[in-house]
Amino acid sequence: MSGPNTDTRVGDLPREHAALLREIHQLAAESARLRHTMHTDRLSAADSTAVLDQLGHLDRERELTEIAARSQGIPPSWVDQARQAGQTGRAWTDEQLLGAPTRQQTGRRTVKRVIADTAQLVDMAAITAAREHLLTLHGITSEPEPAAAQQLRRNMDALWTRATRTAAAIGMSGRERARAFTITDEHVRQRTEHYLHYGLDELNAEWRNHASPAVAASVRRSLSSLRRDARTTTTPSNPDLDADLPKPAELRDRARAVLGEAVAADHAESGHATEAAIAAAMPDQLAHDLDTDASTDGGEATTTEAYRDAGPDP
């Protein structure tokens, strides 16, 4: 990368850095296009809702990409330049000149860790719920490995602590924290249903990896390093960060809840499919007879015909 006081061509950047800036530009440009559509086209209420949902998704992806870019050492002024070019409709090519960075960002690499810790927490909650479900299907109603289950909970608590403390130590803004820590039920559902495709043995192996004591040990080492680094910075710790990231117990409960909804929906669909298959296979006359109610179709005629008096007993 060129020196701090010179302009730099995008084409001269490391490939991964150029790709991140290009993605930021594209996401910003698409958001600008959609916003222009909302202001110039007459959209129905349904279409407006769909556009707003898409805008929210694009803005979230762009901001997470910006966080990742800064964590890899890309100067914030270059990130801003890529975003602004996209928002104003300017082209972005390898010949684009990036102005001299206005300041260096040290320690931003840890933002990537915050995002990774949050993703791992979601996966651990999803695996826990899916494994409990599969164990039940196999007739196992109590935890067969209680010590490992307790360690997994400790690991989740440790990851949660590292994510929130790191966000405070490196001075992530409220907007950055909201984007990094927001976990939607849809995302939890997707991850949980993903693990339902695993066999029980395969899922147990994945679960044990997350339940390893090495996870918490690694977190403790990185937190010790973070505390040492914090002594050299003036960034204050913010206890309010704790409210931004759902607690591990809440994530596990949410994974169980969305899994329960998905299983109930599958059962309902299976029941409707069975009824439809029976109806399709049933002869028309038999279906008519079964659906005919004697009390509404001609009084008692059907009943007396079906059970005709056979006369006196011999």
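This is a predicted model: local features need pLDDT of at least 70, side-chain atom pairs count only at pLDDT 80 or more; totals for chains, interfaces and linings use all residues.
**Entry 1: helix H7**

I began with H7, which runs over residues 185-196 and has twelve residues. From its first C-alpha to its last I read 16 Å, close to the 16 Å expected at 1.5 Å a residue. Which residues of H7 are buried? I noted Val188, Thr192 and Tyr195.

**Entry 2: helix H5 and what follows**

I looked up H5 next and found 24 residues. H5 reaches 34 Å from its first C-alpha to its last, close to the 34 Å expected at 1.5 Å a residue. H5 is followed by Gly171, and I recorded a positive phi for Gly171, near 75°.

**Entry 3: salt bridges**

How many salt bridges does a search of the whole structure find? The search finds 24. As background, side chains of opposite charge can pair when their charged atoms come close.

I started with Arg62, which forms a salt bridge with Asp59. The closest N and O atoms of this pair are 3.9 Å apart, and a salt bridge here needs them within 4 Å. Both residues lie in helix H2 (residues 45-71), three residues apart, about one turn of the helix. I also noted that Arg62 is buried, and so is Asp59.

I then turned to Arg175 and Glu63, whose side chains meet in a salt bridge at 2.8 Å, N to O. Arg175 lies in helix H6 (residues 174-181) and Glu63 in helix H2, so this pair ties together parts that are 112 residues apart in sequence. Are Arg175 and Glu63 buried or exposed? Arg175 counts as exposed, because its relative accessibility is 53% and the cut-off is over 50%. Glu63 has 7% relative accessibility and therefore counts as buried.

My last pair was Asp117 and Arg162, whose side chains also meet in a salt bridge, at 2.8 Å from N to O. Asp117 lies in helix H4 (residues 110-137) and Arg162 in helix H5 (residues 146-169), so the pair ties together parts that are 45 residues apart in sequence. Both Asp117 and Arg162 are buried.

I also found a network of salt bridges that links several residues, among them Asp59, Arg62, Glu63 and Arg175. Arg35, Asp80 and Arg179 are also included in that network.

**Entry 4: nonpolar cores**

The largest nonpolar core has 46 residues. Which of them touch the most other members? I listed Leu121, Met172, Phe181, Tyr195, Leu203 and Leu245. Several helices each supply at least two residues of this core, including H2, H5, H7 and helix H10 (248-281). H4 gives the most to this core, with twelve residues. Tyr195 had already come up among the buried residues of H7.

I then checked Phe181 for contacts, not counting residues up to four places away in sequence. Phe181 touches Val114, Thr118, Ala163, Thr164, Ala167, Asp244, Leu245 and Pro246.

There is a second, separate core of 14 residues, which includes Leu13, Val79, Ala82 and Trp92.

**Entry 5: Ala214**

Ala214 is partly exposed, with a relative accessible area of 48%. The C-alpha atoms of Ala214 and Asn155 are separated by 8.9 Å, although these residues are 59 residues apart along the chain.

Definitions and conventions:
Residues are numbered from 1 along each chain as its sequence is written. Side-chain values use heavy atoms; hydrogens and water are left out. Helices (H or I, at least four residues) and strands (E, at least two) are DSSP runs, numbered from the N terminus. The expected span of a helix is 1.5 Å times one less than its number of residues. Buried means under 20% relative accessible area, exposed over 50%, partly exposed in between (1.4 Å probe, protein chains only). A nonpolar core is a set of buried Ala, Val, Leu, Ile, Met, Phe, Trp, Tyr and Cys residues joined through side-chain atoms within 4.5 Å. Contact means heavy atoms within 4.5 Å.
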